[in-house]
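This report describes one structure in plain terms. It takes the domains, then the sheet, then the surroundings of the ligand.

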Amino acid sequence: MLDVRQVSRSFGGVFAVRDVTLSVADGELRGIIGPNGAGKSTLFNLVSGHLQPDGGTVRYRGARLERRSPHRRARDGIAIVFQGARIFRRMTAVENVMVGAHGHTRCGFVAGALRLPGQHREERAIRDRAWEALEQVGLTAWAHREAESLPLGQQRQLQVARALCGEPRLLLLDEPASGLRAAEREALAALVAELHAGGLTMLLIEHDVGFVTRLADRVTVLDLGEVIAEGTPEEIGRDERVITAYLGD
Ligand code: ADP
Ligand code: MG
């Protein structure tokens, strides 16, 4: 599904990501962990196209991605939930998902592909799809509530719904559980597990190592922009370099 080879990106001469190679199988849930500043979010931006690599290759379903715009990558099925992503506070939940349709998600293209005449019918197709996405994350009861009135846990689910609206094949989640209470965290973990069971390929960055290791098939550990370990959660848990660089602090 995703094949990143020796990708590097620096800012002002300092590597944020250095010679990173990772390969994610169809249907896999890959956890990405590492200390602050390890390059995790930069790696996501290199996959989603919001940043260009200085070197290396990114392949998605066999095709080179480096020259494709973020918009094109979204249309091709790569969705990202950014770290600290904001909702549109004054819009309803369903409107928030629909607005996603006009940004860097594939939702708008779904409607466009139906080739419906007139804006009204196109909007209805987007609304239907947005509703389905809310259903997928269990938020239909909140559909017409102002997004601002949703608890933080539901706001995160709303962001996932926005990403799911375009029926992605690869979903990138950047610290989706940060700041959530234990019960909200559990609900989000259940949602991620359900998407995984449904066959969606995902990359999950999370500060909470326990959250990642119980969900992921494999875990990649970054430190100072480089991959320092990769393996099953069990292998990662007993890796000396990981314990020294990360788990130990
Ligand atoms: P992580 O998500 O693992 O915390 P980031 O990918 O956000 O790490 O950042 C990795 C490094 O790259 C950090 O040192 C950060 O300061 C730097 N960095 C990230 N984005 C930029 C940017 N747009 N401009 C300058 N430096 C950046
Ligand atoms: Mg980050």
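Domain bounds here come from an automatic or database domain assignment. That assignment gives the protein domain 1 (1-77 + 169-249) and domain 2 (88-167). Their centres, taken over C-alpha atoms, are separated by 25 Å.

This is a predicted model, in which local features need pLDDT of at least 70 and side-chain atom pairs count only at pLDDT 80 or more, while totals for chains, interfaces and linings use all residues. Residues are numbered from 1 along each chain as its sequence is written, and chains are lettered from A and ligands numbered from 1 in the order in which they are written.

Contact between the domains involves 13 residues of domain 1 and 13 residues of domain 2; two residues are in contact if their C-beta atoms, placed from the backbone, lie within 7 Å. On the side of domain 1 that touches domain 2, helix 2 (70-75) and helix 7 (182-197) are the elements that give two or more residues. Helices (H or I, at least four residues) and strands (E, at least two) are DSSP runs, numbered from the N terminus.

An open sheet is formed by 6 strands in the order 6-7-8-3-9-10, with mixed pairing. Two strands pair if DSSP finds at least two bridges between them. At the edges are strand 6 (78-81) and strand 10 (226-231), each of which pairs on one side only. From one strand to the next, the twist averages 15 degrees. Strand 7 (residues 170-174) and strand 8 (residues 201-205) run parallel and are joined by 5 bridges. Leu-172 has Leu-203 in strand 8 as its bridge partner.

Axes are lines fitted to C-alpha atoms, for helices over the stretch in contact, and angles run from 0 to 180 degrees between N-to-C directions.

| Helix | Strands touched | Angle between directions |
|---|---|---|
| Helix 1 (residues 40-48) | strand 3 (29-33), strand 6, strand 7, strand 8 and strand 9 (218-223) | about 155 degrees with strand 7 |
| Helix 6 (residues 152-164) | strand 6 and strand 7 | about 165 degrees with strand 6 |

Helix 1 is mostly covered, with 9 of its 9 residues buried; a residue is buried if 20 or more other C-beta atoms lie within 10 Å of its own, with C-beta atoms placed from the backbone. Among these buried residues are Leu-43, Phe-44 and Leu-46. Gly-49 follows helix 1 and has a positive phi, near 95 degrees.

Helix 1 also gives the most to the shell around ligand 1, with 3 residues. The residues around ligand 1 include Phe-11, Lys-40, Ser-41 and Thr-42; a residue is near a molecule if its C-beta atom, placed from the backbone, lies within 6 Å of it.

Note on methods. A residue is buried if 20 or more other C-beta atoms lie within 10 Å of its own, exposed if 12 or fewer, and partly exposed in between; C-beta atoms are placed from the backbone.
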